[in-house]
Amino acid sequence: MGVREIQVSDSNIIINELDDLYDSTTGRVLTGSWVWNSAVVLAEWMATRCKLLDFDFKDKTVIELGAGAGLPGLMAALLGASRVVLTDIESLLPGLLQNVDANGLGDRVEVRELVWGSDKSVSQANELGEFDLILMSDVFFDQEEMPPLAQILKIIAGENSIIWAASELRPWTIECLGEFTNQGFKIDETPVQLDRPCEEDDYAILDSFSIFHLQPSDGECNF
C-alpha cells in the first residue's frame with residue numbers, strides 16, 4: 001500500500017491507500033482502505049458517459065456511498081460536479097480527507113460519516129439532502145445490509161436522481177440485487193470490461209463487471 005496515481009481518461013488522480021486500518025470489532029482489515037477494480041470501472045465509465053454527452057456533470061451534486069478511497073467521487077468532481085460528498089465509516093474518513101487534499105478538491109468535495117443500518121444513518125442522510133447523482137462501487141456483499149442501504153437511497157434520491165452502482169459479478173451479487181427489487185427498485189444492467197490489469201493481488205479476480213442503474217419503481221429511469 002502507499003500513494004498511487006491512477007489515470008482515468010485524461011485525468012490523473014492521486015490516491016493514498018492504507019494497510020494498517022482494522023475493524024475494531026472483528027479485527028479484520030478494512031477493505032475500503034484501497035482502490036478496488038469496480039471503483040476504477042465506475043470512474044472510467046463516468047468519464048466516457050460525460051464525453052458522449054449522455055450525462056453532464058457540470059453543476060451537479062454527487063454523493064458516493066461506501067466511498068472507501070473515493071476514486072469515483074473524486075472523478076465526479078474533476079468532471080465538473082459542483083458538490084461531491086464522500087461517505088463511509090468513521091475510521092476511513094481521514095484517508096478520504098487525504099485524497100481530497102492530494103487532488104486539490106477541497107473546495108468542491110466534503111467527507112461525511114454515513115453507515116447504512118446504524119442508529120444514526122437515517123438522520124445523517126436527511127441532513128445531507130437529495131443529490132443529482134448517487135455513486136456506489138462494490139457494495140453488493142452482504143444481503144442483510146441491502147434493505148438499510150435501500151432506505152438510505154430513498155432518502156437521498158430525488159425524483160430525477162440517477163443511481164449508478166458498479167460491481168464485480170460474484171455468486172452473491174444477484175441475491176443482493178434481489179433485495180433492492182424487494183424494496184421497490186427497478187434495476188437495469190450494463191456489462192462493462194476493465195481495460196487494465198487487475199491489481200487486487202490478495203483476492204480472486206473475476207473478469208465480469210457491470211454498472212447497475214437503480215431507480216425506485218415510482219420514478220422514471222434517467223441514465
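Helix α4 (residues 121-128) and helix α5 (residues 146-156) pack with their axes 9 Å apart, at an angle of about 25°. The two helices, α4 and α5, are therefore roughly parallel to each other. Their crossing, that of α4 and α5, is right-handed. On the α4 side the contact is formed by S121, V122, A125 and N126, which meet Q151, I152, I155 and I156 of α5. Sorted by class, the contact of α4 with α5 holds five nonpolar residues, three polar residues and no charged ones.

A second pair is made by α1 and helix α2 (residues 71-78), whose axes lie 8 Å apart at an angle of about 20°. By the cut-off of 35 degrees, α1 and α2 are therefore roughly parallel to each other as well. The crossing of α1 and α2 is again right-handed. In this contact, A39, V40, L42, A43, M46 and A47 of α1 meet L71, P72, M75 and A76 of α2. The residues of the contact between α1 and α2 comprise ten nonpolar, no polar and no charged.

Helix α5 also packs against α6, with axes that come within 9 Å and cross at roughly 50°. That angle makes α5 oblique to α6. The crossing of α5 and α6 is right-handed. Here M146, P147, L149, A150 and L153 from α5 meet C176, E179 and F180 from α6. By class, seven residues of the contact of α5 with α6 are nonpolar, none is polar and one is charged.

The strands are considered next. Seven of them form an open sheet with mixed pairing, in the order β5-β4-β3-β6-β7-β9-β8. Strands β5 (109-113) and β8 (185-192) stand at the edges and have a single partner strand each, so one side of each is left without a neighbour in the sheet. Neighbouring strands of the sheet are turned against each other by 20° on average, direction ignored. Within the sheet, strand β7 (residues 157-168) pairs with strand β9 (residues 209-216) in the antiparallel sense, over six bridges. A166 has I211 in β9 as its bridge partner.

Two of the helices described above also contact this sheet. Helix α5 lies across β3, β6 (131-137), β7, β8 and β9, and runs at about 140° to β7. Helix α6 (residues 173-182) packs on the sheet and touches β7, β8 and β9. The direction of α6 makes about 150° with that of β8.

The protein averages a pLDDT of 87, and 83% of the residues score at least 70. Over residues 198-206, the pLDDT is below 50. Where pLDDT is low, predicted coordinates should not be read in detail.

Notes. Residues are numbered from 1 along each chain as its sequence is written. This is a predicted model: local features need pLDDT of at least 70, side-chain atom pairs count only at pLDDT 80 or more; totals for chains, interfaces and linings use all residues. Side-chain values use heavy atoms; hydrogens and water are left out. pLDDT is the predictor's confidence in each residue, from 0 to 100. Contact means heavy atoms within 4.5 Å. Axes are lines fitted to C-alpha atoms, for helices over the stretch in contact, and angles run from 0 to 180 degrees between N-to-C directions. Helices (H or I, at least four residues) and strands (E, at least two) are DSSP runs, numbered from the N terminus. Angles under 35 degrees count as roughly parallel, over 145 as roughly antiparallel, 65 to 115 as roughly perpendicular and the rest as oblique. A crossing is left-handed if the near helix is turned anticlockwise from the far one by less than a right angle, and right-handed if clockwise. Ala, Val, Leu, Ile, Met, Phe, Trp, Tyr, Cys and Pro count as nonpolar, Asp, Glu, Lys and Arg as charged, and the others, Gly among them, as polar. Two strands pair if DSSP finds at least two bridges between them.
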